[in-house]
Amino acid sequence: MNNADALYFTDKFDQSTEAAAAIASIFGWMNLFARGAGGYCSDKASAKIGMRGRIIVQTVLLAVEGALVLVFANTGTLGGAIGVMVVFSLFVQAAEGSTYGIVPYVDPPSTGAIAGIVGAGGNTGAVCFGLGFRQLDYQQAFTLMGVVICASSFMSLFIC
C-alpha cells in the first residue's frame with residue numbers, strides 16, 4: 001500500500017503528486033497508535049482465553065483488513081477512498097501489532113529469529129504486491145490483495 005497509494009490517488013482521482021503523497025502518508029501515520037492497539041487487544045484476549053485469544057484477534061483484524069481493501073478497490077470518490085483507507089490502515093497496523101503479540105510464543109528461545117522471519121515475510125509480500133501493481137490495473141491489484149488477506153485470515157483459524 002505504501003508504494004501504491006500515491007500513484008493511485010494521482011491516477012484515479014487526478015490529484016497532484018504533492019496532494020496524493022500527503023493523502024497516502026495518512027496510511028503510515030496510523031502506525032503511531034494502531035500497531036500498539038493491536039498488540040494491546042492481543043494481550044487482553046490472551047489474558048482471557050490464552051493463545052487462542054491472540055489468534056482470534058489476529059483473524060478478525062485480518063478479515064476486516066481484507067474486506068476493507070476490497071471496499072477501497074471499489075470506492076469511486078476521493079473522500080470515500082480516503083475514509084476507507086484510514087480505517088483500512090487502522091486494521092493493517094493493528095494486525096501487525098497482534099502479529100508481534102504472537103511471535104514471542106512461537107518458539108521462545110528463538111524469538112529474535114522468528115521476528116526476523118515474520119518481518120522478512122512482510123517484505124516479501126510487499127515486493128510481490130509491488131509487482132502485482134506493475135502488471136495489473138489498480139482495481140485488480142487491490143482486489144487480489146484483499147482476497148489474499150481474507151484467505152490468510154481464514155487460514156489463521158487453523159493455527160494451533
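Phe-9 and Phe-72 are both buried in this predicted model. Phe-9 belongs to helix H1 (residues 5-13) and Phe-72 to helix H4, so their pairing ties together parts that lie 63 residues apart in sequence. The ring centres are 6.2 Å apart and the planes meet at 75 degrees, so this pair is edge-to-face. Phe-133 and Phe-142 form another edge-to-face pair. Here the distance is 4.8 Å centre to centre, with 70 degrees between the planes. Both of these residues, Phe-133 and Phe-142, are buried as well.

Ring pairs join Tyr-8, Phe-9, Phe-13, Phe-72, Phe-133, Tyr-138 and Phe-142 into a cluster.

The chain contains seven helices and zero strands. Its pattern along the sequence reads α-α-α-α-α-α-α. The radius of gyration is 16 Å; for 160 residues a compact globule would have a value near 15 Å, so the two agree. The C-alpha trace spans about 50 × 25 × 25 Å along its principal axes.

Among contacts with a separation of 6 or more, 70% join residues 24 or more positions apart. Buried residues make up 35% of the 160 in the chain.

Val-69 gives one example of such packing. This residue sits in helix H4 (residues 51-73). Its relative accessibility is 0%, so Val-69 counts as buried. Beyond its neighbours within four places in sequence, Val-69 is in contact with Phe-88, Phe-142, Met-145, Gly-146 and Ile-149.

With a relative accessible area of 5%, Ser-153 is buried, because the cut-off lies at 20%. Residues up to four places away in sequence aside, Ser-153 touches Thr-59, Leu-62 and Ala-63.

Gly-130 is located in helix H6 (residues 111-135). Its relative accessible area is 16%, which is under the 20% limit, so Gly-130 is also buried. Gly-130 and Asn-3 are separated by 127 residues in sequence. In space, their C-alpha atoms are 7.4 Å apart.

The surface and the charges complete the description. The chain exposes about 8,500 Å². Carbon and sulfur atoms supply 69% of this area. Charged side chains number 7 positive and 9 negative. The centres of the positive and negative sets lie 14 Å apart.

Terms used
Residues numbered from 1 in each chain as written. Predicted model: local features only at pLDDT ≥ 70, side-chain atom pairs only at ≥ 80, totals over all residues. Heavy atoms only, no water. Helix = DSSP H or I, 4+ residues; strand = E, 2+ residues; numbered from the N terminus. Rg over C-alpha atoms; globule rule 2.2 N^0.38 Å. Buried < 20%, exposed > 50% of the residue type's maximum accessible area, 1.4 Å probe, protein only. Contact = heavy atoms within 4.5 Å. Areas by Shrake-Rupley, 256 points an atom, 1.4 Å probe, with all protein chains shown as cover. Lys, Arg positive; Asp, Glu negative; His and termini not counted. Charge placed at Lys NZ, Arg CZ, Asp CG, Glu CD. Phe/Tyr/Trp six-rings, centres within 6.5 Å; stacked < 30°, edge-to-face > 60°.
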